[in-house]
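Let's take a friendly walk through the strands of a protein model. Have a look at the picture first, and then we will go through it piece by piece.

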Amino acid sequence: MINNIYKDVKMTAINSDTDYVLRSDNNGLTTLTLNRPQEYNVLSEEMLTALSQHLTQIANDDNVRVVVVAANGKAFCSGHNLKQMRANPEHEYQQQLFTRCSSVMQQILQLPQPVIAKVQGLATAAGCQLVATCDIAVAADTATFATSGIRVGLFCSTPAVAISRNLPTKQAFEMLMTGEFISAEKAVQFGLINHAVASDKLDDCVKQLAQHILDKSPLAVKVGKKMFYQQLNMPIEQAYEFASCTMADNMMASDAQEGIDAFIAKRPPVWQGK
């Protein structure tokens, strides 16, 4: 079953000399690969623009069911391009840069499709923010994580938004205040990532997670992601009211009726995505 999503691979943006992000499409699974390994895949202006463009296209592509964010090279993402930031010291530039980055992070959250971070190497500062922003994260057991801006006198304020919404308060505060690296094992314990696996098992783990989602109703997955994030900050009464309305609406969908009928009849469901 896992291998099904890797048949008939179609690649776009494959010129590694010019493309900041590579896109591959495989039967419902789209992989976006950060492609500046020599620069540790920093979130430069160009990288953020490329990511935003791909995410905009994916949001309107019904053929995409699951998205994986991966990276080439030793690092997953080392955060913002500090040289680029220092070359543009104006406050307006800095404000626009961080606003642009925040917009890309919100694009991931608002994307109809679940997004899995596939972390093969270090993820620091805004790179750690990117991991925390993805819906699911899997890392090689050799990967390391840090919100390291404080080491250079710059508190990771924008990464703190994602980190503080994933980690318990004291663990998040420790990461943000010390800038110290944590292991993939500790990242699992903290709640930053879902799984830490041997490097040679990383591909298989991500494929398996993606396939589990691809096997489910496209409609239910889309409804579920939107509902999950909308209810998070609601008061409990409002959250249950919202959840009840969402479930009732979901029950009217053909996929829900098909899924229940298939369960009762003990047969595989045939999803229509509606």
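Which residue in S8 is the bridge partner of Ile-116? It is Ile-136. Keep in mind as you read that this is a predicted model.

Is strand S8 (residues 136-140) mostly covered or mostly open? Mostly covered, since five of its five residues count as buried.

## Strand S3, covered on both faces

Strand S3 (residues 29-34) is another mostly covered strand, with six of its six residues buried. One face carries Leu-29, Thr-31 and Thr-33, the other Thr-30, Leu-32 and Leu-34, and all of these are buried.

## The neighbours of S3

Strand S2 (residues 21-26) and S3 run antiparallel and are joined by six bridges. Within this pair, Leu-22 has Thr-33 of S3 as its bridge partner. The hairpin made by S2 and S3 has two residues between the strands, and Asn-27 there takes a positive phi near 50°.

With strand S4 (residues 66-71), S3 pairs in the parallel sense, also over six bridges. Find Thr-30 and you will see Val-67 of S4 standing opposite. Together, S3, helix H1 (residues 45-59) and S4 build a right-handed β-α-β unit.

Strands of a sheet pair through backbone hydrogen bonds, and they can do so parallel or antiparallel. Four strands make an open sheet with mixed pairing, in the order S5-S7-S9-S10. Strand S5 (75-77) and strand S10 (182-183) each have a single partner strand, so one side of each of these edge strands is left without a neighbour in the sheet.

Helix H4 (residues 126-133) packs on this sheet, where it touches S5, strand S7 (122-124) and S9. The direction of H4 makes about 100° with that of S7. Strand S9 (residues 144-146) pairs with S10 in the antiparallel sense over two bridges, and Thr-144 stands opposite Ser-183 in S10.

How values were computed: Residues are numbered from 1 along each chain as its sequence is written. This is a predicted model: local features need pLDDT of at least 70, side-chain atom pairs count only at pLDDT 80 or more; totals for chains, interfaces and linings use all residues. Side-chain values use heavy atoms; hydrogens and water are left out. Two strands pair if DSSP finds at least two bridges between them. Contact means heavy atoms within 4.5 Å. Axes are lines fitted to C-alpha atoms, for helices over the stretch in contact, and angles run from 0 to 180 degrees between N-to-C directions. Buried means under 20% relative accessible area, exposed over 50%, partly exposed in between (1.4 Å probe, protein chains only). A crossover is right-handed if, with the strands pointing away from the viewer, the path from the first strand over the helix to the second runs clockwise.
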